[in-house]
Amino acid sequence: MPRQLVAGNGKILVNIDQHLQIRDIYYPYVGQQNHVQGHANRVGIWSDGHFSWLSSEHWSVHTDYHKDSLVTCCTAENKQMGIRLVFEDGVHQRENMFLRRIKVTNTSKKEKKIRLFFHQDLNIYETEVGDTAFYAPDSRSIIHYKKNRYFLFNALFGDNGISQYTTGIKRFQSAEGTWKDAEDGSLHINPIAQGSVDSTFSVEHEVRGEETVEAFYWMTIGRNREEILALNEYIKEIGPSLTIDKIMIYWRRWANKSPLPDTDLEEEILALYKRSLLIVRTQTNENGYIMAANDSDIQQYNRDHYSYMWPRDGALVAAAIAKAGYQGMVKNFYRRCADVLTKEGFLHHKYNPDGSIGSSWHPTVGKDGKEQLPIQEDETALVLWAFWEHYKETGDIEFAQSLYRSLIRPGARFLLQFMDEELDLPNPSYDLWEERRGVFSFTCSAVYGGLMAAHSFALLFGEDDRAARYKAGAERVKKGMENHLYDQEAGRFLRGIYLNEENREITKDYTIESSMYGLFAFGVFSANDERVQSTMEAIERELYIKTPIGGVARYFNDYYFQQTHEVEKVPGNPWLICTLWLAKWKIAAAVDRNGLKQCREYLNWVVSHAFSSGVLPEQLHPFSGEPLSVAPLTWSHATFVDVVVDYIQAYERLE
């Protein structure tokens, strides 16, 4: 169940599903730890002797955000009960608190007593062992805690606070959870429970016919009881309604801090552009680690998740965000990369948001039994490339100088040394999809871009000899690509080659691969180079999905979440980033504004496959268009931002 809505501030992240149930709460990092683990935190309504959870089929729910804001604007209506709800949810931009304003409308003509039930199902520190939930009479709230993680939950309906509450055992032996107790409209009070526990409480109000009354629900998070109580008092003193209004104003001003020039882009594209900036902000930690995705439902496939920072994803995201004018948001990304760079000068597969090395499936022993580096070299190279893109946007020479010795020079030294002397190509490493080991066009393009970035930094700091070595290394890679990765007979570039270390035999991989957009994106070749043009045309011809859904696959016969073996018709599932890469090429190759028309079609394709909230998934079902894998995917949103900026810049440049 991909996440329809996200709200966060770089320290906490709250994910909400299509039934307006909280499904993930991350703290103290975005992506670590998840104190809900995907379990539904239910919202229920009782009136006139009838009870219903919002997940019931009797509710019609529409998810969305307020324009240019990280405050949601969702509607839920139950015509049988005669109740309509409007939810406005947000995380404070500075403090660790989540607030929810609910406008409750009695759509009938007679007065109703309405009870709102809120259910809390936490697995603090990502386990249900040893949790405590209790009612705190001094603050009239429910508190869950374990060790140094405290969560306070409170609510108002009109001026009425919590009226009923209970705590109890969940998912242990025969106990389902306290939410079952709510289904008769009343709760059997139990003030404290420990172990595998949950809690439920209610607020109630008399609502006249066709009247709307506001209710509020909030959560504060901290490392001890004093912190959460202080934040609870902060909300009560300012008022939850005014607090939500302030959150909305802040995010609107944030989203509009860099005015966009006039173009022919549709309003829907520009709205998704701003929504994407906001979504990327929620996935970016204050400390700089940029998370790939934080949708815990992916765990059902292999008991792992996307809540990691891949340096490759992070670099591409950071470059796009800086290009959009939000350089300060990603500045710490480069500091963190310098922190975790190995003494040899490379970056590992992926990282947790606290800087520790993440899980990996790259072996340190090859098929021949020899030791190998378990890396994707593009991840190291792209960080250098992105840092130069960051400098070009900011001109912040002091920041660049501060990381020159700790990031640029050791990274570039590794790229120069990790080279096959005979082929003039990088040594084998894993591809950007983390599936195969070899020498790939995308990786080589990234290495070229990384070395040219190091060359530019060295010139900037007056180290001409070092700059010459970096440039010579980049030109060497380009030469190797022309000699070994371009195939004259096929008339296009190869996905890659595989080298037999024993006899030095080369096996060519002719698979059509969308990531070969890197040939022009990282500056190796021009977008109008005939060899690049023929390669990109082959991608468009052979990887476009031949169903009403459309879109572009990663590569031919992609097995990840594969839905059909009709590979001639569906070479793989349509990925948003791969479709946008094709648009990026068309923008780069355009010679006039007329050449930008098809790019707009691709951007509109992405808009048409976004959730109603503007959230973008990783990939789509090729026949139904339903989202597959995770949502939101940070890379999808950042790539949309990147291509829109490319379009705007091309529109201004061309006539």
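Tyr 125 sits in the loop that runs between β11 (112-120) and β12 (131-136). In this predicted model, the residue has a positive phi, near 60 degrees, although Tyr 125 is not a glycine. Its relative accessible area is 23%, so Tyr 125 is classed as partly exposed.

A positive phi is also found at Asp 48, about 50 degrees, again in a residue that is not a glycine. Asp 48 belongs to the loop between β5 (43-47) and β6 (50-53). With a relative accessibility of 37%, Asp 48 counts as partly exposed. As background, most residues other than glycine have a negative phi, and most peptide bonds are trans.

## Cis peptide bonds

The bond from Tyr 27 to Pro 28 is cis, and its omega is near 10 degrees. Pro 28 is part of strand β3, which covers residues 22-29.

Another cis peptide bond links Gln 32 to Gln 33, with omega about -5 degrees. Here Gln 33 is placed in strand β4, residues 32-34.

## A buried loop residue

Gln 283 is located in the loop between α3 (267-282) and α4 (299-302). Is Gln 283 buried or exposed? Its relative accessibility is 1%, and since the cut-off for burial is under 20%, Gln 283 counts as buried.

Which residues does Gln 283 contact, neighbours within four places in sequence left aside? They are Val 6, Leu 13, Val 30, Tyr 289, Ile 290, Met 291, Ala 293, Asn 294, Pro 632 and Thr 634.

Two packed helices are described by the angle between their axes and the distance between the axes. For helix α5 (residues 311-323) and helix α7 (residues 377-394), the angle is about 10 degrees and the axes are 8 Å apart. Because angles under 35 degrees count as roughly parallel, α5 is roughly parallel to α7. The crossing of α5 past α7 is left-handed. On the α5 side, the contact is formed by Pro 311, Arg 312, Ala 315, Leu 316, Ala 319, Ala 322 and Lys 323. The α7 side supplies Asp 378, Glu 379, Leu 382, Val 383, Trp 385, Ala 386, Glu 389, His 390 and Glu 393. Sorted by class, the α5 contact with α7 comprises nine nonpolar, one polar and six charged residues.

Helix α6 (residues 327-340) also packs with α7: their axes cross at roughly 145 degrees and come within 11 Å. This crossing of α6 and α7 is left-handed. From α6, the residues in contact are Gln 327, Val 330, Lys 331, Phe 333, Tyr 334 and Cys 337. They meet Val 383, Ala 386, Phe 387, His 390, Glu 393 and Thr 394 of α7. The α6 contact with α7 has seven nonpolar, three polar and two charged residues.

## Helix α12

Helix α12 spans residues 530-543, 14 residues in total. From its first C-alpha to its last, α12 reaches 19 Å, close to the 20 Å expected at 1.5 Å a residue.

The buried residues of α12 are Val 532, Ser 534, Thr 535, Met 536, Ala 538, Ile 539, Glu 540 and Leu 543. Against which elements do the buried residues of α12 pack? These are β24 (492-493), α11 (518-521), α13 (576-589) and α14 (597-608).

Definitions and conventions
Residues are numbered from 1 along each chain as its sequence is written. This is a predicted model: local features need pLDDT of at least 70, side-chain atom pairs count only at pLDDT 80 or more; totals for chains, interfaces and linings use all residues. Side-chain values use heavy atoms; hydrogens and water are left out. Axes are lines fitted to C-alpha atoms, for helices over the stretch in contact, and angles run from 0 to 180 degrees between N-to-C directions. Helices (H or I, at least four residues) and strands (E, at least two) are DSSP runs, numbered from the N terminus. Angles under 35 degrees count as roughly parallel, over 145 as roughly antiparallel, 65 to 115 as roughly perpendicular and the rest as oblique. A crossing is left-handed if the near helix is turned anticlockwise from the far one by less than a right angle, and right-handed if clockwise. Contact means heavy atoms within 4.5 Å. Ala, Val, Leu, Ile, Met, Phe, Trp, Tyr, Cys and Pro count as nonpolar, Asp, Glu, Lys and Arg as charged, and the others, Gly among them, as polar. The expected span of a helix is 1.5 Å times one less than its number of residues. Buried means under 20% relative accessible area, exposed over 50%, partly exposed in between (1.4 Å probe, protein chains only).
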